[in-house]
Amino acid sequence: MSRPAALSAALAAAAAALVVALLLLQPEDAGPGAGSSMAETEALPRLREDFRMQNKSVFILGASGETGRVLLKEILEQGLFSKVTLIGRRKLTFDEEAYKNVNQEVVDFEKLDDYASAFQGHDVGFCCLGTTRKKAGAEGFVRVDRDYVLKSAELAKAGGCKHFNLLSSKGADKSSSFLYLQVKGEVEARVEELKFDRYSIFRPGVLLCDRQESRPGEWLIRKFFGSLPESWASGHSVPVMTVVRAMLNNAVRPSDKKKELLDNEAIHNLGKADGSLKP
């Protein structure tokens, strides 16, 4: 790529990143299921132990990504599930002893119906699947973030999954003119139509992490939020570890709600809840 072309691409990425940042500054309705009470927070150690006793199985989609990778590590450290399965397009390699009993199902996302068995027999599912428009193009982004996610959810539902957890994004709105937020909002709505016994949506702001994969646009967004006052930054960004712990803390607490929507503030509150995490 020539220097002018590279500069143009960098400017385009920067502009897109700033647009996302500004969109994330807009307030949104948390919806049902948001937040946690002090009583629930204090009860988390007992809830975790009760949950472990149920010997539930779990699958993770997107375990090779930043959030999925941290989620897997935290699930193993907390010992919440009797069986852990990763569903992905390639087998992941782990050196640590803690990962020796992790099951892996390698699938072709273009032919998911041929791999329906991979989605059978799981009580809980976490979907952290996603890509970027820059990496996959507009069509590829929609294919991964909407089509793959929706088809996976359909197979999980048919396979007996009771609680489906979807990592979405702050500002997700199927009527948005911004493709990223539009796709996130659309898949949220379409997964809801599957009628899981329990459906939890997590809408974090900018995810703060040190990515193994270079994404200059996201780096610029993180720098942008890093320059804001802490109260503003925490309202529109969140560390990946906080998101992961919010997901797991939410999973272990009983709920009679069919749908739960946790916004960035609720994720902060629940993800920072105290209590012994390890079994």
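A: Thr85 lies in strand β2, which covers residues 83-88. Helices (H or I, at least four residues) and strands (E, at least two) are DSSP runs, numbered from the N terminus. The model is predicted, so local features need pLDDT of at least 70 and side-chain atom pairs count only at pLDDT 80 or more, while totals for chains, interfaces and linings use all residues. Residues are numbered from 1 along each chain as its sequence is written, and side-chain values use heavy atoms, with hydrogens and water left out.

Is Thr85 buried or exposed? Its relative accessible area is 2%, so Thr85 is buried; buried means under 20% relative accessible area, exposed over 50%, and partly exposed in between (1.4 Å probe, protein chains only). Leaving aside residues up to four places away in sequence, Thr85 touches Val58, Phe59, Ile60, Asn103, Glu105 and His122. Contact here means heavy atoms within 4.5 Å.

Rings of Phe, Tyr and Trp (its six-membered ring) pair if their centres lie within 6.5 Å; planes under 30 degrees apart count as stacked, over 60 as edge-to-face and the rest as tilted. The count comes to 6 aromatic pairs. In one of them, the ring centres of Phe59 and Phe119 are 6.0 Å apart and the planes stand at 80 degrees, so the pair is edge-to-face. This pair links distant parts of the chain, 60 residues apart: Phe59 belongs to strand β1 (residues 57-61), and Phe119 to the loop between β3 (103-106) and β4 (124-127). Both Phe59 and Phe119 are buried.

Phe109 and Tyr148 form a stacked pair, because their ring centres are 5.1 Å apart and their planes are at 20 degrees.

On a 1 Å grid over the protein atoms alone, a cavity is a set of points where a 1.4 Å probe fits but cannot get out, and lining residues have an atom within 4 Å of a point. There is 1 cavity of 30 Å³ or more, and the largest cavity has a volume of about 50 Å³. Grid points are joined across faces, edges and corners, and the volume is the space filled by probe spheres set on the points. The lining includes Cys127, Asp145, Val149, Leu166 and Lys184. At least two lining residues come from each of α5, β5 and α6.

For the chain as a whole, the secondary structure comes to 10 helices and 9 strands. Of its 279 residues, 48% count as buried. Among contacts between residues at least 6 apart in sequence, 76% join residues at least 24 apart.

Technical notes: 1 Å grid on protein atoms, 1.4 Å probe; cavity = no way out; pocket = protein on both sides within 12 Å on 5 of 7 lines; lining within 4 Å.
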